[in-house]
Amino acid sequence: MKNHFFSHLFIIHVFVSTLFIGLTSCQDINQEDLISLDHSNLHSISYQESQVIDGQYIVVYQEERLNFRVDPNDYQGSHELLRKETNEFLSRYGIVEDSISQLYSMGFQGFAMKLSEDEKNEMLSDPKVKVIIPDKKRFLNIQQGNRPVKESPSIEIENTQIVPWGVKRVGGPFEYKGTRKVWVIDTGIDLNHPDLNVDHRHGFDAYNDRRNWDFNDEHGHGTHVAGTIGALDNHFGVVGVAAGVPVVPIKVFFGPRAEATDSGILAGVEYVGRMARPGDVANLSFGWDDSTEPFPLLEEAVLRISERRKIWMVIASGNSRLPGNTFTPARVNGEYTITVSATDASDRLAWFSHFGHPIKFGAPGVNVFSTWRGGTYRNSSGTSMSAPHVAGLRVFGSIESDGYVKNYPIDYLDPVAFRSKGFEGMGHIKP
């Protein structure tokens with residue numbers, strides 16, 4: 001494996017300007033020094049409203065009007081039956097199959113494509129059609145931390161690996177030797193990062209045809225998430241909660257501005273439903289205010305796919321200090337969904353974190369050090385950083401707790417996610 005090759009080729013020392021002066025090995029790190037900054041040292045939340053894409057729509061079928069029923073244990077068969085029925089449906093309107101950009105059969109039944117106004121209005125009167133929704137462009141709303149840090153080779157220092165404070169707080173790191181994967185629905189992952197075990201064979205790109213799929217991270221967010229989940233235990237860089245677990249890039253945000261379309265995000269969730277196995281974990285470190293940016297199709301897809309396929313969906317709760325049930329998809333409350341709030345080094349609710357129902361766990365989300373694009377590392381804060389701690393724990397099985405989130409603004413308690421050393425739990429399906 002390329003990553004293991006790099007682990008033998010490099011022994012690396014991390015130099016991190018003002019926050020990491022004087023660090024020499026993982027044993028010498030004073031974690032309190034790394035996490036003492038308050039919110040005045042963080043950049044503000046990056047936020048842009050969604051934009052309707054002219055002439056592009058998501059068509060949702062009336063399920064009871066279709067000539068088949070989806071079999072969650074035969075995705076491929078169900079998908080082909082839907083494709084056949086959709087081709088017949090479109091032929092009545094003189095539209096060819098090649099016009100379809102995405103086909104959805106697991107979370108809901110429908111398709112995405114460009115339509116003229118006349119075509120859209122004609123389809124709306126068809127008894128098979130439940131609703132036609134304009135496709136939108138969205139942007140990843142995140143916290144940003146300090147600038148990325150490029151590691152420098154060093155042959156003098158034997159072990160320069162950092163165990164991030166958050167990984168320690170949840171009980172890690174743990175070496176992962178199982179067969180499960182974590183599907184990172186995000187901006188992609190740096191495929192050549194020497195500190196990650198990237199499963200690019202099962203990756204997905206929502207915006208290119210299969211021959212030109214590109215899973216590489218153009219932004220950095222997905223790579224940061226992946227590092228917290230499973231960065232390698234290899235004597236340099238950082239180590240993740242489930243060290244070495246395969247992380248699969250599901251690229252639904254593209255470009256340096258982390259742009260996405262609703263149809264692309266839905267396609268990524270659909271793909272995970274198709275490819276992941278029961279017990280696998282998907283990390284969703286994104287979301288929007290449901291009152292201004294509703295996305296009911298995403299909620300439906302996350303809930304149905306997680307329950308039909310028994311895939312764990314771990315979701316960031318949001319960074320706007322609002323009730324947890326106001327954000328999508330964070331407000332989805334299913335048997336296999338886990339929404340996560342953010343804590344600081346003292347187990348206090350982070351100043352930006354959402355709170356309350358249906359959040360199931362709190363986890364570290366302030367000044368989290370992890371991998372970044374271009375083979376680099378950086379600090380970042382947000383519930384985007386909390387969710388991957390829980391995703392890394394969930395891949396082993398049931399999640400424990402050793403306390404509750406402090407300074408909660410309402411009468412509701414989030415248990416702090418934790419796993420004891422030696423705790424097996426493989427095969428458990430309860431959070």
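**Reading helices and burial in a predicted model**

Me: Which are the buried residues of H3?

Reply: The buried residues of H3 are Tyr75, Ser78, His79, Leu82, Glu85, Thr86, Phe89 and Leu90. Buried means under 20% relative accessible area, exposed over 50%, and partly exposed in between (1.4 Å probe, protein chains only). Helices (H or I, at least four residues) and strands (E, at least two) are DSSP runs, numbered from the N terminus. This is a predicted model, in which local features need pLDDT of at least 70 and side-chain atom pairs count only at pLDDT 80 or more, while totals for chains, interfaces and linings use all residues. Residues are numbered from 1 along each chain as its sequence is written, and side-chain values use heavy atoms, leaving out hydrogens and water.

Me: Where do the buried residues of H3 fall when seen down the axis?

Reply: The arc is taken from the directions of the C-beta atoms from the helix axis. The buried residues of H3 lie within an arc of 135°, so they line one face of the helix.

Me: What covers the buried residues of H3?

Reply: Contact means heavy atoms within 4.5 Å. The cover includes strands S2 (51-61), S3 (100-104), S4 (110-114) and S5 (129-139), together with helices H4 (117-124) and H7 (262-275).

Me: What does Thr86 touch?

Reply: Thr86 has its place in helix H3, and at 0% relative accessibility Thr86 counts as buried. Leaving aside residues up to four places away in sequence, Thr86 touches Tyr61, Ile100, Leu103 and Phe111.

Me: What span should the 14 residues of helix H8 have?

Reply: The expected span of a helix is 1.5 Å times one less than its number of residues. Helix H8 (residues 296-309) should span 20 Å, and its end C-alpha atoms are 20 Å apart, which agrees. The buried residues of H8 include Leu297, Leu298, Ala301, Val302 and Ile305. Just after H8, Lys310 takes a positive phi of about 55°.

Me: At what angle do helix H6 and helix H9 pack?

Reply: Axes are lines fitted to C-alpha atoms, for helices over the stretch in contact, and angles run from 0 to 180 degrees between N-to-C directions. Helix H6 (residues 221-230) and helix H9 (residues 383-394) pack at about 35°, with their axes 8 Å apart. To this contact H6 brings His221, His224, Val225, Thr228 and Ile229, and H9 brings Ser384, Met385, Pro388, His389, Ala391 and Gly392.

Me: How many helices and strands does the protein have?

Reply: The secondary structure comes to nine helices and 22 strands. Of the 431 residues in the protein, 62% are buried.
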